[in-house]
Structure formats: structure tokens, C-alpha cells
Amino acid sequence: MTIHESVIITSPEWMRRFVAARRAEGRRIAFVPTMGYLHEGHLSLVEKASELADCVIVSIFVNPMQFGPNEDLDRYPRDLDGDLQKLSGYPVQAVFCPAATDLYPAGFQTSIHVERVSAPLCGAARPGHFTGVATIVLKLFNILRPDIAVFGLKDYQQFQVIRTMVKDLDVPVEIVGCEIVRETDGLARSSRNVFLTPDQRAAAVILHRTLEDAATWISTGRLVRASEVELFLSERIAAEPQARIDYVSCRDAASLEAIDVLDSPVVLAVAVFFGRTRLIDNRVISV
Ligand code: AMP
């Protein structure tokens, strides 16, 4: 394996200068924003970015603005050395790891609120979450000015929020989505999986299984209304004693608005607690 050396940059001003220099060399810049504790899901985005551009920049920043007061900001897993080692297997030109005080200095008071697409699902369960996400992503876009930004469809609503923001505000960046990377048993890779006990880890496979079963039932015409899909999802998941449902939902895949009959592409989205650990997963179905 080739070991690639990346420049590690903490200052937004240096990040700006680094990008300006790459741009002056005529390079195309692809950006992968992350909160670190990298796994195969993140690395698939880095791989995609390296196919699309000749300068890849990864950010590692656990964004306090997207965590609610009772959420897991303090215990969110961090391992910068491990992350840099994983990234050394990929052609990443720079890793941007700013401090919170650099991005949110005293006096910071601006936020980006994307209305309707932020409202349901994780937006309802985690008030303010997507405002925090949209604000940091726009800020990072303004610092890096990337040509392309790569996001995972694991965070499906986040992807739609970012796409909407970019379209509404004419942000000059192309947004690319990558398929969900899963463990061999189907559990979506997530930095939070590290918190699962062995029992919870075994139980968590219910999410992917249930989404796949629902997809089969939809394609064979056994579920035709969103309400039926939601009942199916909640009954199957609730049958797993380790699982505590936060939400299950079947919505229009693009707008995330509620629907009745399944007659256009839909997304099935679930958020479920296993102990204190909240996992999300989804399945898009083009009916
Ligand atoms: P995070 O570090 O959790 O904020 O995630 C950073 C980026 O990686 C986001 O665009 C996520 O959607 C993406 N990502 C996280 N997990 C996965 C996964 N299992 N498959 C694909 N992309 C992922």
C-alpha cells in the first residue's frame, strides 16, 4: 500500500491559503467533511473524492453546534492519530482539524436554517441539529471553496438539507452522495457503533433487516401506503427487546414530506436507541 502524506492544518486562514495555492496550480478540489473516528464509510467518500478531483481535503471537526444539550458531544469518539493513519492510505492533500474556538469565536451569532426538509425525522427528534449542520457546512465551504463535496447517504436527511441549502443559496459546489457502507451482517457503519455492547451490536442488525424486508414487501405490493410501511417497521423493530424506537418513517424521497400512497420514490428512515446509543439507517425505494 502506498503511504500518502497529508498536510495537517488547524488554522482556517492557512486552510484558505493552502486551497488558493492548489487552485493556482489548476487543481480541482474535492472536500469530505467528517467528525472523525473514521471508518470504511468515511473512507468510501475519500475514495470517491479522489476519483473526482486531484486535490482531496478531509475535515475532522466534531461540531458542537449540531449537538443538543443532552446529546453525546462530550462522549463522541475521537482518535485523531488513528484517523490520520487511516487517511495515509489515500491520496489526501490536506486534513483540516480546526479548534471549535477558531470556527466559533466570541461574538459568533449567525446560523443557516433550511426550513421544510429539516423539519421531520432527525430534525424533529433533535431540534436545532440541522441548523448546526447547515451552518458548519456552509462555513467550511466558504473556507475551502471546493469544486465538489462528498457526503454519505447514510445521513440521508443531512444530504437533502445540504443539497437544498446549496441550491437555494447558489453555493458554487457540486454535491455528490455515496451509498451506505455496511458491516458484513448489514449494520450501517457508524462512529457510534463503538458504544454498542456485544448484545446491542448483535441486536442492531434488526434495522437493516427490517428495512430490506419492508423493501421486499413494497416491491411485491404487500405494503401500499406509508402508514402500513410505518406500522410494519415499528412492529418488527419493537419486537427486538434491545431496541427503543425514536422514529420510523416512510416519506417522499426528495422533499421528505409525508405521503399517503406509495406512488413515487420513497425513503424509509429509522432512528433507534440501543441503550444510550442512537443509530440511524434508511432505505430509498423507487416505487
Ligand atoms: P460523520 O463523521 O458521522 O459526520 O460523517 C461524515 C460523512 O461520512 C457524512 O457525509 C456521512 O454521511 C458519511 N458516512 C458516515 N457513515 C457512513 C456509512 N456507513 N456509509 C457511507 N457514508 C457514511
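At what angle do helix H1 (residues 12-24) and helix H7 (residues 129-144) pack, and how far apart are their axes? In this predicted model, local features need pLDDT of at least 70 and side-chain atom pairs count only at pLDDT 80 or more, while totals for chains, interfaces and linings use all residues. Residues are numbered from 1 along each chain as its sequence is written, and side-chain values use heavy atoms, with hydrogens and water left out.

H1 and H7 pack at an angle of about 50 degrees, their axes being 8 Å apart; helices (H or I, at least four residues) and strands (E, at least two) are DSSP runs numbered from the N terminus, and axes are lines fitted to C-alpha atoms, for helices over the stretch in contact, with angles from 0 to 180 degrees between N-to-C directions. The two helices H1 and H7 are therefore oblique to each other, given that angles under 35 degrees count as roughly parallel, over 145 as roughly antiparallel, 65 to 115 as roughly perpendicular and the rest as oblique. In the contact (heavy atoms within 4.5 Å), Pro12, Met15, Arg16, Val19 and Arg23 of H1 meet Asn142, Ile143 and Leu144 of H7.

An open sheet is formed by 3 strands in the order S7-S8-S9, with antiparallel pairing, where two strands pair if DSSP finds at least two bridges between them. Strands S7 (243-252) and S9 (277-285) stand at the edges with a single partner strand each, so one side of each is left without a neighbour in the sheet. S7 pairs with strand S8 (residues 266-274) over 9 bridges, and Ser249 stands opposite Ala269 in S8. Helix H11 (residues 226-238) lies across S7 and S8, running at about 160 degrees to S7.

The structure holds 17 salt bridges, each defined as a side-chain nitrogen of Lys or Arg within 4 Å of a carboxyl oxygen of Asp or Glu. In one of them, the closest N and O atoms of Asp72 and Arg192 are 2.7 Å apart. Asp72 lies in the loop between strand S3 (55-60) and helix H3 (80-87) and Arg192 in the loop between strand S6 (174-178) and helix H9 (198-203), so the pair ties together parts that are 120 residues apart in sequence. Both Asp72 and Arg192 are buried, where buried means under 20% relative accessible area, exposed over 50% and partly exposed in between (1.4 Å probe, protein chains only). Another salt bridge joins the side chains of Arg278 and Asp246 (2.7 Å, N to O), linking strand S9 to strand S7 across 32 residues. Arg278 is buried, with a relative accessible area of 15%, whereas Asp246 is partly exposed at 31%.
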